[in-house]
Amino acid sequence: MSRPTVAEIRIAALKHNCSVIKQHHGGKVLGVVKANAYGHGLVDCAKALDVDGLAVACIEEAVHLREGGVRAPIVLLEGVFDPKELTLVGRHELDIVIHREEQVTWLEQASLLLPLRVWLKFNTGMHRLGFSIDQLEAMNARLQACSSVKQVVLMSHLACADDPESPMTDQQLAVFSSATEAYECERSLANSAASLAWPKTHFDWVRPGIALYGSTPVLDKSAAQLGLQPVMTLKSQIIGIQSCKAGDSVGYGADFRATKDMLVGTVAIGYADGYPRHAPSGTPVMVDGVECKLIGRVSMDMISVDLSPIANPIEGMGVELWGENLSVDTVAQHANTISYELLTQINQRVPRRYI
Ligand SMILES: *Cc1c(COP(=O)(O)O)cnc(C)c1O
């Protein structure tokens, strides 16, 4: 046996979460699989998703999908960074986002075998990527006239859809609707949060990411309340048990001190696997199905847990860092971050086991 640290990926949960999205939106779904499918494994997840298209952040991810045998439409969410990438875009029949004028010019100058579908992105208030509303008409006209373009989809991105109290989503929606209503084009605005909580933003295509992986995209509801199931369960084992007396310290910096005699379990996972180094003492860790607490600093390859809640702890006991019995959203709250970061940080040292 090798190191017991693995990320189990439940494909049935991924499919289930996709069906939850489809219960909310009857139109087309673009499954967002950027960043190695949020850490879950790009090709395996892409093949399991029954969607109308997939979205990635860069051409390397798209080529990886094509080489893995994925034939579905794939959108490059930031488009191309350089006109040379258009050769690969053409060869692999990718869709590209167009968000700045140079990308239009590159496309006009390219000679592609087949015309592409392009996603014309404009800014409705987030101010991250995209043309201004004033530029939309001219850019659309140039793209519609370009021989390398077969279809234009109009898109924008929401900044605050996770927050049901924020007025921003309605404001962005109003801007998006009025800017696009004169065009015949298909439209896309919604991320996971909007797919589940803001039906008016759905238009033709929704673009869920995090919800597919079973973490909540909204501030006011848990994943379970939304009917989402965790896809990744991050597991390891107790590989050592230390008996500490009151006053003994645990781990680097001697940050944690025992206030009573206690057993401390050492778990084979650390920040070099992607477990967050800034997770503080008190972060929940499931040991043998019982909730325990992280103590002391997270090391590169190990963490320590207080085994007090366990009746008869032994080495080899199973540990769950997050997943089926402990929501990644709960761990993220303790670690003062979001599930997106935790999931995408789990790296290549942790084997994915598909079940
Ligand atoms: C990442 C991304 C999404 C998915 O966002 P989630 O919050 O994970 O649903 C949708 N659209 C764009 C443009 C993105 O970059």
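This is a predicted model: local features need pLDDT of at least 70, side-chain atom pairs count only at pLDDT 80 or more; totals for chains, interfaces and linings use all residues.
For Gly 209, a backbone N or O atom is found 2.9 Å from an oxygen atom of the ligand. In the case of Arg 207, an N or O atom of the side chain lies 3.0 Å from a nitrogen atom of the ligand. The ligand taken alone exposes 390 Å², of which 92% is buried by the protein.

Helix 6 spans residues 101–109, and its buried residues are Gln 103, Val 104, Trp 106 and Leu 107. These four residues lie on the same side of helix 6, because the arc they cover around the axis is only 160°. The cover over the buried residues of helix 6 is contributed by both helices and strands. Among the helices are helix 5 (85–91) and helix 7 (133–145). The strands include strand 5 (95–98), strand 6 (116–121) and strand 7 (149–155).

Ser 304 belongs to strand 16, which comprises residues 303–306. With a relative accessible area of 12%, Ser 304 falls under the 20% limit and is therefore buried. When neighbours within four places in sequence are set aside, the contacts of Ser 304 are Val 250, Val 264, Gly 265, Lys 293, Leu 294 and Ile 295.

A search for disulfides across the whole structure returned 0. For Cys 45, the closest cysteine sulfur is that of Cys 18, at 11 Å. A disulfide requires the two sulfur atoms to be within 2.5 Å, so the sulfur of Cys 45 is too far from that of Cys 18 for a bond. Cys 244 likewise takes part in no disulfide, and the nearest cysteine sulfur, in Cys 292, is 14 Å away.

How values were computed. Residues are numbered from 1 along each chain as its sequence is written. Side-chain values use heavy atoms; hydrogens and water are left out. Helices (H or I, at least four residues) and strands (E, at least two) are DSSP runs, numbered from the N terminus. Buried means under 20% relative accessible area, exposed over 50%, partly exposed in between (1.4 Å probe, protein chains only). Contact means heavy atoms within 4.5 Å. The arc is that of the directions from the helix axis to the C-beta atoms. A polar contact is a pair of N or O atoms within 3.5 Å; within protein, one must be able to donate a hydrogen and the other to accept it, and residues adjacent in sequence count only if both atoms are side-chain atoms. Accessible areas come from the Shrake-Rupley method with a 1.4 Å probe; for residues, only the protein chains shown count as cover.
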